[in-house]
Amino acid sequence: MITTRLSNIVLQLIGSHGLVMDLLDDDRSWDLMCATIFGKEEDCPVELEEIGKKIAKNCKGLPLSIVVIGGLLAKLNPTRENWEYISENLNSIVNVEDNERCLKVLLLSYYYLPVHLKPCFLYMGVFPEDSNIRVPRLVKLWVSEGFLKPIRGKSLEVVSREYLEDLCDRNLIRVHQRGTNGRIKFCKIHDLMRELCLREAEKEKFLYVRRPHDLNTPQGIINTQRRICIHQSTTHKVYLPNALRALQSVPLARSLCFEFEGVLPSLDHCRLLRVLRAADTDFNSYGKNTHCTYTLEDVFQLVNSRYLAVDDFRYENLFRFPSSVYLLWNLQTLTVTSIDPVVAPSEIWKMTQLRHVLFPSGLEMPDPPLGGQDGEFVLGNLQTLSLIRNFKCGEEVVKRIPNITKLKICYEGEKFGGYLSSYYCLKNLGRLGKLESFDCYFDNGYELNRNDMLQNFIIPNSIKKLTLSWTYLKWEDMKTKIGWLPNLEVLKLKYKSFLGGEWETVEGQFCNLRFLQICEDSDLEWWTTDSSHFPRLQQLKLWDLYKLKEIPSCIGEIPTLGSIELIYCSKSAVISAKEILDEQEDLGNVGLRVRVQVLREDKQHLESLASPNFQVD
């Protein structure tokens, strides 16, 4: 038998069978800890069980950590005081000199990493402990930091995801959640692995993460750091002022990542900065929104920037950011969280290195400048535009964003209502041949403009994920505009995107659909379909369908279906979901899971339906 952290080793051994060892659950963690402390012949004293199970749980399922802590507890007198001390100081105890066996073993995995993967692994230390790391954000950071080796025919984002899969195959990073397309959506890193990242990164002067116990770190050490990260702290009254003072002079800094609420240090001395992350709650592990405010004028002085994620919470309707933005000639990712929509200057069309532009509150894009030589004002690297307000999809615009893969747009406000539908040219969406994700919603008003626009809009065949809101299309339009899309995997129909009491599907459509969500469609009563109409469906989510009589029983016959979720749907729809589950279990299909969330007044009646695979919340 061979044990290895490298998943691909099994594939190289002829005639072998691999067994993937997951992290231990709470019960198995406790069993292993008891065996380590007391052996097989002796049981844990009753008065120590509660604190002991807490210690085992905090080892996060890693056997190596459990054995080290168990070995330490075995040497101590078995008193509640001793065990409570271990519980309160678990992380520091695992990492002290006498008990570094865990880190020494794990360090071998790092030493044997290929050179190109080492910086990507060490960079995981910028994320707070126990955080769920959103992979699209991680990918953008790796690209902006310059960690990736270009591969002909592949975008840097694709290469980045291949690196991540490699690190997960080596069990250095954990897959937390995969999307319906099979790609990693969220990942995590175990506390011990993160500690390894921080130690090696600091030793190699690759990354410095300011932590509460670092209050006395000499300023000379901080001044030499190229990547600096500061997280929120429960003791921030003492910690943050000291940390901010330490940042008053970091002339060599190339990357600054902040995750706390408050005033930030001046950027005047950070002219070499490439990455500034002072926004985005993905870094927040404390369950609340945190933000650090810089004005756009401040950050647009950072001419070497590749990645900017900032908050600009000024109260100013349709704030225009300065035309000097085009001087950021290296900028690849721009994320700005603001209260109101922002207006971009025409100079944004000169920023040819842009890859991702994200404005959650909305960005108004100007028309491209007229004239220019061939290839001028073309954003050939641009992949993401979100959220673009009143997007004009004219021929000149489409030609200048040829490689866009993700587009989120909205139409709202008096300006939208003041133009004819032909002004927005949504039929030209069909020319975006690389578009994979499209999200569109409309203001609830201006019905005439909306209806005219949507009669002519064309969705390209390249689309894999489609989200529509307030479009007021008819279910008959599904057959002509959406059902035949050959690559569609995710379809989210939100907030009156389709109107009508009955939806009847036809065979041959939705051939690759894996995820279907219908949300707040108050008209839908009857859904007529067949299992062959959704041959690859994996997840079905229905939300606020008060009139829906039932889920078609044939839905349960889809061989790939793994879950059905109903949130605030009719009682009859919930009962039909239970009948589908019972029928499938009677046929031996134990892989289907159903979860329903019901109104308080219905819960008592529907709780009786609960079973191991039927959850009622």
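Biologist: Is the crossing in which helix 2 passes helix 4 left-handed or right-handed?

Modeller: Bear in mind that this is a predicted model. The axes of helix 2 (residues 26–38) and helix 4 (residues 63–75) come within 8 Å. Where helix 2 passes helix 4, the crossing is right-handed.

Biologist: Which term describes helix 2 relative to helix 4: parallel, perpendicular or oblique?

Modeller: The two axes cross at roughly 40°. Roughly parallel needs an angle under 35 degrees, and roughly perpendicular needs 65 to 115. Helix 2 is therefore, relative to helix 4, oblique.

Biologist: How many charged residues are in the contact of helix 2 with helix 4?

Modeller: Helix 2 contributes S29, L32, M33, T36 and I37. From helix 4 come P63, I66, V67, I69, G70, G71, L73 and A74. By class there are 9 nonpolar and 4 polar residues, and the number of charged ones is: no charged residues.

Biologist: How are helix 9 and helix 10 oriented to each other?

Modeller: Helix 9 spans residues 135–145 and helix 10 spans residues 156–169. Their axes come within 9 Å and cross at roughly 110°. The crossing is right-handed. Because the range for this class is 65 to 115 degrees, the two helices are roughly perpendicular.

Biologist: How many nonpolar residues does the contact of helix 9 with helix 10 have?

Modeller: On the helix 9 side are V135, P136, L138, V139, W142 and V143. Helix 10 supplies L156, E157, S160, R161, Y163, L164 and L167. The classes are 2 charged, 1 polar and, for nonpolar, 10.

Biologist: How many residues of helix 9 are buried?

Modeller: Buried here means under 20% relative accessible area. The buried set includes W142, but also R137, K140 and E145. Helix 9 is mostly covered, and the count of buried residues, out of 11, is 10.

Biologist: Which residue follows helix 9, and with a positive phi?

Modeller: Helix 9 runs over residues 135–145. The residue after it has a phi near 80°, and that residue is G146.

Biologist: What is the strand order in the open sheet of 3 strands?

Modeller: Strand 3 (residues 184–188) runs antiparallel to strand 1, joined by 2 bridges. R134 stands opposite F186. The order is 1-3-2.

Biologist: Which helix lies across strand 2 and strand 3?

Modeller: This helix runs at about 45° to strand 3. The helix lying across both strands is helix 10.

Biologist: How far apart are the C-alpha atoms of R254 and R226?

Modeller: R254 sits in the loop between helix 13 (236–246) and strand 6 (255–259). R254 touches R226, as well as L272, L273, R274 and V275. R254 and R226 are 28 residues apart along the chain, yet the separation of their C-alpha atoms is 5.1 Å.

Conventions:
Residues numbered from 1 in each chain as written. Predicted model: local features only at pLDDT ≥ 70, side-chain atom pairs only at ≥ 80, totals over all residues. Heavy atoms only, no water. Axes fitted to C-alpha atoms, helices over the stretch in contact; angles between N-to-C directions. Helix = DSSP H or I, 4+ residues; strand = E, 2+ residues; numbered from the N terminus. Parallel < 35°, antiparallel > 145°, perpendicular 65-115°, else oblique. Left-handed = near helix turned anticlockwise from the far one by under 90°. Contact = heavy atoms within 4.5 Å. Nonpolar A, V, L, I, M, F, W, Y, C, P; charged D, E, K, R; others polar. Pairing = 2+ DSSP bridges. Buried < 20%, exposed > 50% of the residue type's maximum accessible area, 1.4 Å probe, protein only. Lists of a residue's contacts leave out its neighbours within four places in sequence.
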